[in-house]
Amino acid sequence: MGEFFGALLQYNFLQNAILAGVLSSLACGVTGVYVVVKRITFISGGIAHAILGGIGVAYYLGKDPLYGAVVTALLSAFLLGMINLTARQHEDTIIGALWAVGMAVGIIFMTLTPGYSVDLMSFLFGNILMVTTPVLRVLFSLDLVILLVVTVFYRQFLLVCYDEEYARLRGLPVKALYILLLALIALTVVILIKVVGLIMVIALLTLPAAVAGLFTHQLRHMMILASGLGLLFILVGLVFSYQLNLPSGATIVIIAGFGYLGALGLRKIALGFTRRKQDESC
Amino acid sequence: MANVIKLSKVSFAYERSYILDGIDLTVAVGEFLAIVGPNGGGKTTLLKLLLGLLEPTHGEIRIFNLPPRKARRFIGYVPQQGTVDRDFPVSALEVVLMGRLAPNSFFPRYQRADYQAAAAAMQAVGVGELADVRFSDLSGGQKQRTLIARALVGKPQLLILDEPTASVDPQVEQDIYELLAQLNKDVTIVLVSHDLGYVTTHLRKVAYLNRNLVVYPPGGNVSGNIPHWYTVNNGFGRGV
């Protein structure tokens, strides 16, 4: 443990990793709550994997893959939003198609790109230790956008997630709000790809929020707790991966998984305890 | 007396099969109408038409002499309880506040007036103490009252309820009908129910809706070949 903190003071890349952890936990805590309560994990997974297509094309064109990722993320959010609202009976199939075709496009364009071979692995599995200062700046602005939009539309998102039909009756632009929400999730996915990679994005999007949901009664409290838990999972994962020389993304996801299991157990014990108390008082 | 609802020869078909066929109906200000009928009889379809979520295949619907879509701000709607996600992290107060949200609510917080209106509506339906309780932890009757408060908080002139007593026990059912009878002093009420028991014996105006032609009016008379719509008057509710 001491070894890690010694290195932290010494190495710039570790400090950047911690900053990336803070920025991504904010994003995944806030939008992850919507993924969990609206039960759109599969859609989020579809967006995450489709992004590889954009990354591949950006590489081929000689552009920054991060921007390719942002553009594809927003495009697929828009597409899936329209499909959910117009052709819901085929939604599953279409998400699956987008998921796989996006990846296929990415792999083909990466192979076609002349010159040095692209590090496909770092997109699939992430590497929080390779986050540079310019990337941090992009992550920061994405975070800012996400937090701003959620602050302004908190009540509208709550109603759309809770009771879509009632939202429509209140005259809210349900379609636009839903697509906006998916766009925020897409941006979060872009941020998280840097940390855990697109294959494991779903873990950070859902597990902190799911744990928070076990202990809170309000969406905003759930967001705060989920952000804190996300940061905890990332930091603990980072320390373990550093000490044990394991890949950071996978270690973070394993820690998050244990966190979720532990929380389920804790809640079970807590429920049993209050029940016993009630029985005694009866 | 002004009409709240007027349906003229309204039909609705999914694909080619008619769910509703030639419905005529008027509801006057202050009435309390219960629409009963079997599942699949078209009750939910009729509600969706009244709310402007569906458009009739033939015929015309006017609510406060407006097309349903434009009349929505005068309508308070109470959905069937099962349609609302049970395990959602939201408090009873937050659910009621949803009734204050309008398309132009851009300021990111509710105002003091919204909180006052929500508290008043919750008080009026008897859940004033439960504001901070998680909605999913409420009992069936409390949930129904909270959803009624959400509908009332927008100060509607017409209250529409979908199966308000579908998932509560008989005692609570009676409480809810008594609450509705009391609310009926200020607001016109239309509800649908598949349950013939309480509604047919206690409400003043009951309509039977079924695309088939066999209707069983209260009192045990079994009649055939009665039109899709059948209205009967008895002693409960304000009526006109």
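## Overall fold

Keep in mind that this is a predicted model. Chain A is built from 12 helices and 0 strands, so reading from the N terminus you get α-α-α-α-α-α-α-α-α-α-α-α.

Along its principal axes, the C-alpha atoms of chain A fill a box of roughly 75 × 55 × 30 Å. The radius of gyration is 20 Å, which agrees with the value near 19 Å that a compact globule of 282 residues would have. Buried residues make up 48% of the 282 in chain A. As for contacts between residues at least 6 apart in sequence, 74% of those in chain A join residues at least 24 apart.

## Where H2 crosses H10

Helix H2 of chain A covers residues 12–37 and helix H10 of chain A covers residues 201–215; their axes come within 8 Å and cross at roughly 80°. That angle makes H2(A) roughly perpendicular to H10(A).

Who actually meets whom here? On the H2(A) side the residues are A:Cys28, A:Gly29, A:Gly32, A:Val33, A:Val35 and A:Val36. They meet A:Leu204, A:Leu205, A:Thr206, A:Pro208, A:Ala209, A:Ala210 and A:Gly213 in H10(A). Sorted by type, the contact of H2(A) with H10(A) has 9 nonpolar residues, 4 polar and no charged.

## The nonpolar core

In soluble globular proteins, nonpolar side chains tend to be buried together. In this model, the largest nonpolar core has 159 residues. The ones with the most contacts inside that core are A:Ile47, A:Ile51, A:Val189, A:Val190 and A:Val201. Helix H9 of chain A (residues 174–196) supplies the largest share of the core, with 16 residues.

Take A:Val189 from that group. Setting aside neighbours within four places in sequence, A:Val189 is in contact with A:Ser44, A:Ile47, A:Ala48, A:Ile51, A:Ala73 and A:Val201.

## A look at Leu120

A:Leu120 sits in helix H6 of chain A, which spans residues 120–125. Is A:Leu120 buried or partly exposed? With 16 other C-beta atoms within 10 Å, A:Leu120 is partly exposed; the buried class would need 20 or more. A:Leu120 and A:Gly56 are 64 residues apart in sequence, yet their C-alpha atoms are 9.2 Å apart in space.

## Contact with chain B

The contact between the chains takes 23 residues from chain A and 18 residues from chain B. On the side of chain B that touches chain A, the residues divide into 12 nonpolar, 2 polar and 4 charged.

Terms used
Residues are numbered from 1 along each chain as its sequence is written. Chains are lettered from A and ligands numbered from 1 in the order in which they are written. This is a predicted model: local features need pLDDT of at least 70, side-chain atom pairs count only at pLDDT 80 or more; totals for chains, interfaces and linings use all residues. Two residues are in contact if their C-beta atoms, placed from the backbone, lie within 7 Å. Ala, Val, Leu, Ile, Met, Phe, Trp, Tyr, Cys and Pro count as nonpolar, Asp, Glu, Lys and Arg as charged, and the others, Gly among them, as polar. Helices (H or I, at least four residues) and strands (E, at least two) are DSSP runs, numbered from the N terminus. The radius of gyration is taken over C-alpha atoms; the globule rule is 2.2 Å times the number of residues to the power 0.38. A residue is buried if 20 or more other C-beta atoms lie within 10 Å of its own, exposed if 12 or fewer, and partly exposed in between; C-beta atoms are placed from the backbone. Axes are lines fitted to C-alpha atoms, for helices over the stretch in contact, and angles run from 0 to 180 degrees between N-to-C directions. Angles under 35 degrees count as roughly parallel, over 145 as roughly antiparallel, 65 to 115 as roughly perpendicular and the rest as oblique. A nonpolar core is a set of buried Ala, Val, Leu, Ile, Met, Phe, Trp, Tyr and Cys residues joined through C-beta atoms within 7 Å.
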